[in-house]
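Here is my notebook from an afternoon of looking things up, one entry at a time.

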Amino acid sequence: GVNKFTIGEEGEREEKLFTVDPEAMKEQLDNINDLKRTRDNNEVKRCLENVRKTAERKEENLFPAVLEAAKAYATLGEITGAIRLAYGYPYDPYKMLEYPFA
């Protein structure tokens, strides 16, 4: 048997890069900023500190603390940043953002 689905020569393939619609990106950033403005930031701070402290203990189940933070409307970036801090890494791997609740 000959494979029915063959890949053409290198020169024959056309690769397209994914680009985000600028309007969709602006809308998403506006949504995140609205969320951060309207949520209870004291509760988010408490939950993120709990995530960090739980992660520092290394032997404890981290999921309940992460779930609590998500329910308080902490973003995925904030949660993973708190975990990164617990393991001695910078909050933001690109070093563009600081921990917002220091």
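This is a predicted model: local features need pLDDT of at least 70, side-chain atom pairs count only at pLDDT 80 or more; totals for chains, interfaces and linings use all residues.

**Entry 1: the overall fold.** How many helices and strands does the protein have? I found 4 helices and 0 strands, and from the N terminus on the order reads α-α-α-α.

**Entry 2: overall dimensions.** I looked up the span of the C-alpha trace along its principal axes, and it is about 60 × 40 × 25 Å. The radius of gyration of the protein is 21 Å, whereas a compact globule of 102 residues would be near 13 Å. That value is taken over C-alpha atoms, and the globule rule is 2.2 Å times the number of residues to the power 0.38.

**Entry 3: what is buried.** I learned that buried means under 20% relative accessible area, exposed over 50%, and partly exposed in between (1.4 Å probe, protein chains only). Buried residues make up 23% of the 102 residues here.

**Entry 4: the core.** A nonpolar core is a set of buried Ala, Val, Leu, Ile, Met, Phe, Trp, Tyr and Cys residues joined through side-chain atoms within 4.5 Å. Which residues have the most contacts inside the largest one? I got Val-44, Leu-48, Ala-69 and Ala-74, in a core of 13 residues. Helix 2 (41-56), helix 3 (63-71) and helix 4 (76-86) each give two or more residues to this core, and helix 2 supplies the largest share, 4 residues.

**Entry 5: Val-44 and Tyr-73.** Contact means heavy atoms within 4.5 Å. Leaving aside neighbours within four places in sequence, I saw Val-44 in contact with residues including Ala-72, Tyr-73 and Phe-101. Where is Tyr-73 found? Tyr-73 lies in the loop between helix 3 and helix 4. Not counting residues up to four places away in sequence, Tyr-73 touches Leu-35, Arg-39 and Val-44. Tyr-73 and Val-44 are 29 residues apart in sequence and 6.9 Å apart in space, C-alpha to C-alpha.

**Entry 6: two phi values.** Phi of Tyr-73 is near 75 degrees, a positive value in a residue other than glycine. I found another positive phi at Lys-58, near 55 degrees; Lys-58 is in the loop between helix 2 and helix 3.

Conventions. Residues are numbered from 1 along each chain as its sequence is written. Side-chain values use heavy atoms; hydrogens and water are left out.
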